[in-house]
Amino acid sequence: MASWRELAIEAGMQLFKASGAHRLAAPFTSGLGAILMFHRVRPERGEAFAPNAGLEITPQFLDATLTHLAARGYDILSLDAALDVLRAHAAPKHPFVVLTFDDGYRDLVEHALPVLERHRAPFTAYVTSGFADQTARLWWLEMEEALRRQSRVDTVVEGRRIARNCATAQEKRDAFGDIYWAIRDGGEAQLLDVVARLAAAAGLDSHALTAETCLDWSGIAALARHELATIGAHSVTHARLAKLDAADARREMAESRDAIAHHTGIAPKHFCYPVGDPTSAGAREFALAAELGFDSAVTTRPGMIFPEHRDYLHALPRLSVNGKHQSLAALDILLSGAPFAVMNRGRRVTA
């Protein structure tokens, strides 16, 4: 079940693809460049039920993306270098992109890093410290695995009973969408409780799933030593910070930074808001990131980077490169900035 936003984005992508209007708009809407957002990079699995497939691309598509960016004259900059461009008050010679990878998945090292090394492409890995020490939960993957193992699901979200057959892939997709959007509207405690009950019913070990999926501290420390890598903080538990009180939100941000500094010897200068949409990170969180001394912080609000963003370094937009639009044609539409000029009603900054 797609959200209205996902349906609107898909309709817009098809319109630009058919009309080519993004090419005409690009000189006015593409800005200085973009921060690209990736999550998982791993080979195609070909599974009929894969509700989180939108969060992953193949190594082949990552390679094609980096080749295409070079052919189009983009500079691939580290996040620090991109911030220097913003602060310079001068237009860069070439448009730039910054590569960012969220959460700290093992496949960043196993599948993405060899591609990044071939292209000599710097990148930022935003690490959720609770995933590294296996105390936090990948609830969206838990829910996927729990439904994969069951032929029927029966749960309650805020007094609403959701009982669904989920024997077929389509039934599983429908059940996942129904439960997902029901829990996304509520608080963090309820979300984790609902998914924990689903996982328990399926006999799923949540912490083992985290250990299997994410880099541990030794892996993150090794990555931090890589010449192409910058390690950023991504909270302790991947909680939607705007759903927490101010003290807890601040703790999530500060403790993730401190844990990374302890295990790698390098204090991260950059932060990434979990989930990162307007319901998960807003003015309070932007102020907290600045107060805690981060040089920058990124959202998942879609948009290009414009000179005006030098005054909003703790509310930077990103472009999602994901499995739903795994094509170079779609990448060109995104990099034109045209969809976001429409979506944001001409506003360059949406913080």
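Are R240 and E188 buried or exposed? I started with this pair, and found that both R240 and E188 are buried, where buried means under 20% relative accessible area, exposed means over 50% and partly exposed lies in between, computed with a 1.4 Å probe on protein chains only.

**Basis of the entries.** I am working on a predicted model, in which local features need pLDDT of at least 70 and side-chain atom pairs count only at pLDDT 80 or more, whereas totals for chains, interfaces and linings use all residues. Residues are numbered from 1 along each chain as its sequence is written, and side-chain values use heavy atoms, with hydrogens and water left out.

**Salt bridges.** I searched the whole structure for salt bridges and got 27, taking as a salt bridge a side-chain nitrogen of Lys or Arg within 4 Å of a carboxyl oxygen of Asp or Glu. For R240 and E188, the closest N and O atoms are 2.4 Å apart. This pair links distant parts of the chain, with R240 in the loop between β9 and α12 and E188 in helix α9, 52 residues apart. Helices here are DSSP runs of H or I with at least four residues, strands are runs of E with at least two, and both are numbered from the N terminus.

I then looked up D102, which forms a salt bridge with R318 at 2.8 Å between the closest N and O atoms. D102 lies in strand β5 (residues 96–103) and R318 in the loop between β11 (296–298) and β12 (319–320), so the pair ties together parts that are 216 residues apart in sequence. D102 is buried at a relative accessible area of 3%, and R318 also counts as buried, at 1%.

The E145 to R149 bridge, with its closest N and O atoms 3.1 Å apart, stays inside helix α7, where the two residues are 4 apart, about one turn of the helix. R149 is partly exposed, with a relative accessible area of 45%. I also noted that E145 and R149 belong to a network of salt bridges that links R42, R45, E47, E56, E144, E145, R148 and R149.

**Packing of α7.** I next followed helix α7 (residues 139–149) to helix α8 (residues 169–184), and found that their axes come within 10 Å and cross at roughly 145°; the axes are lines fitted to C-alpha atoms over the stretch in contact, and angles run from 0 to 180 degrees between N-to-C directions. On the α7 side the contact (heavy atoms within 4.5 Å) is made by W139, W140, M143, E144, L147 and R148, and on the α8 side by K172, A175, F176, I179, Y180, I183 and R184. By class, this contact has 9 nonpolar, no polar and 4 charged residues.

With helix α9 (residues 188–201), α7 packs at an angle of about 30°, the axes being 9 Å apart. That makes α7 roughly parallel to α9, a term used for angles under 35 degrees. Here W139, E142, M143 and A146 of α7 meet L191, L192, V195, L198 and A199 of α9, and the residues of this contact divide into 8 nonpolar, no polar and 1 charged.

**Helix α11.** Last, I checked helix α11 (residues 217–224), which is mostly covered, with 6 of its 8 residues buried. The buried residues are W217, G219, I220, A221, L223 and A224, and what covers them includes α5 (106–119), β6 (123–127), α6 (129–132), β9 (229–233) and α12 (246–264).

Technical notes:
Nonpolar A, V, L, I, M, F, W, Y, C, P; charged D, E, K, R; others polar. Parallel < 35°, antiparallel > 145°, perpendicular 65-115°, else oblique.
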